[in-house]
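Please look at the structure below and follow how its parts pack together. The paragraphs take a pair of helices and then some aromatic rings.

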Amino acid sequence: MRGPGNGPGKHGYARPQNMGKTLRFLMGYIGKHKLLLVVVIVCLFASSFAMVAGNYFLRPLINNYILPGDFAGLAKMLTVMALVYLTGACCSYAYARIMVHISQQTVYEMRRDLFDKMEQLPLSYFDSHTHGELMSRVTNDIDTVSEAVNNSFASLISNGLTFVGTLSMMVFLSPGLTLISLGFLGLMFLLIKVIGGKSRFYFGQQQQKLGNVNGYIEEMIEGQKVIKVFCHEEEAKAQFKERNDALRQAAISAQSYSGIMMPMMGNLSHVNYAVTSCVGGLMAIAGGLDLGSLISYLQYTRQVANPISHLSQQINTILAALAGAERVYEVMQVEPEVDEGTVTLTEAIRKEDGTLEETSEHTGIWAWKALGPAGTVVLEPVLGDVRFHNVVFGYNKDKTILHDISLFAKPGQKIAFVGSTGAGKTTITNLINRFYEIQSGTITYDGIDVRLIEKDSLRRSLGIVLQDTHLFTGTIADNIRYGKLDATDEEVVAAAKLANAHAFIKHLPQGYDTVLTGDGDNLSQGQRQLLSIARAAVANPPVLILDEATSSIDTRTEKLIEKGMDRLMAGRTVFVIAHRLSTVRNAKAIMVLEQGEIIERGTHEELLEKKGRYYQLYTGKAELE
């Protein structure tokens, strides 16, 4: 999948848009291995020299030893040639092994830095980029870089040195014959330009069609249940056939043009050899060229076309690698989440005089830690007082989602949000933990502007149960412990009991050690939601956000966990988003939202008396759309 700004080039394949910056970015990683690169370059020169020099040795071998019949000298010369070729082979092996190390270390560091960067990016970035696109950058794009660093860069230098060395020796041996070879080399370059351009275009088409097929397969696998529910198997197969046929046609064209390149290059090389042999033979008969020089030159004639073929192939690989590196570079250049907060969250103990003192122990007493006058440390208890003051927000500047929102939740209060889909309920809770930045207004937490609180501290003070649960590969205990990584087994079990998950967990074959895979596919949706609630419970946060926390739980299970949820919410500030209005009846205040505005607020009884929107929703005269 191509990212923004990386469309097809002239021949249909992705080209880097900014070659200079991309090269500097890539060389920043490769350049960390300067000493090894020096060794590689030395080995490349030695290997190329051995390949070029080996053919030249045929000249003295024939002229000085074979024709005169000097067998002793011939043996010595053959020994020298063997040593030269052996040295070249050893150098080739050495630089290949070193380049493997450099390549793997480079992509290791690049992949690590890319993943670290993604962990620092705001949620808005992930909202505007598909998961498949980001996955492609971590996998496919970095793989193309690995392939180029491992093979293409060294091959490019090696073939370049070999070509220059070979052409120089041809000129040295016979300038006249070199003119004939240059004519054929010109034809080869023209062939590469014409057929290579066609080949690159269709390979670009092949990659595009392959991406379409892979994306369609991924989508169909994820949507198998929906396909079977609506009996759309035949339609799915027909659409896959259409995409698969397009891939086949593109692949046939790509492989056809690619397949004729080497035979045509080989045939031109043979014709060049034949013509050069005839002309060279005539020159040798006429005395214009000695036999040793002719034999040596003919070897160079066979050799000179190989670097050209290899160079044409490696350039495509390098361009693809640079395009991939540029897509990685684009992510690395994205501004990370801005965090200018200085107030941190810490655990504390309450001394006899009622003041707080910071501690490394788990006391369950949370405090805001800030620097006071003259560098003193000030600790204030975390109460859970959350207030919105004339907040305006939009995911982009063109469309405002929340309009002048003002509300407050005093410590220990339960605040509920109801309203139609898209009214802004979840958006409000996302602003509390600063997943997004507001355009105007302020949000305070215990009187502190949330922008002054360190984001990690802010989010650790908030326990969130989302409507869409996500479980990680690991045991059930590990998934619950995700809310508090150092939680003991006893704390994990207590949290599960609080969420009423303990009953079904203990009946599993391995209990809390049951391994979950595929986002918990071996559990029901309700069971996954219970684990999500237990995860929030083990964190023991001062403020809870329940975003449709019981939406996937049946009514009977909901009643079973109601007491546990009440225990979980006791003494905490709680924000609840619910479609089931029965779950918010005991809220201290209910906010009714429509199109980003609070149109009603009050207790359950007060809103029923108003006989407005909430009354219509509760009595069934209107529906949550």
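At what angle do the axes of helix α2 and helix α4 cross? The model is predicted, so local features need pLDDT of at least 70 and side-chain atom pairs count only at pLDDT 80 or more, while totals for chains, interfaces and linings use all residues. Residues are numbered from 1 along each chain as its sequence is written, and side-chain values use heavy atoms, without hydrogens and water.

The axes of α2 (residues 34-56) and α4 (residues 71-120) cross at roughly 150 degrees and come within 8 Å of each other. The two helices are therefore roughly antiparallel (angles over 145 degrees count as such). Residues of α2 in this contact (heavy atoms within 4.5 Å) include L36, V40 and L44; among those they meet in α4 are V84, Y95 and I98. The residues of the contact divide into 17 nonpolar, six polar and no charged.

Aromatic rings are the next topic. The whole structure holds 11 aromatic pairs (ring centres within 6.5 Å). In one of them, Y56 and F172 have centres 6.1 Å apart and planes at 55 degrees, so the pair is tilted (planes under 30 degrees apart count as stacked, over 60 as edge-to-face and the rest as tilted). Y56 belongs to helix α2 and F172 to helix α6 (residues 131-173), 116 residues apart.

F417 and F575 form a stacked pair, with 6.1 Å between centres and 5 degrees between planes. F417 lies in strand β7 and F575 in strand β14, so the pair ties together parts 158 residues apart in sequence. Both F417 and F575 are buried (under 20% relative accessible area).

Definitions and conventions: Axes fitted to C-alpha atoms, helices over the stretch in contact; angles between N-to-C directions. Helix = DSSP H or I, 4+ residues; strand = E, 2+ residues; numbered from the N terminus. Parallel < 35°, antiparallel > 145°, perpendicular 65-115°, else oblique. Nonpolar A, V, L, I, M, F, W, Y, C, P; charged D, E, K, R; others polar. Phe/Tyr/Trp six-rings, centres within 6.5 Å; stacked < 30°, edge-to-face > 60°. Buried < 20%, exposed > 50% of the residue type's maximum accessible area, 1.4 Å probe, protein only.
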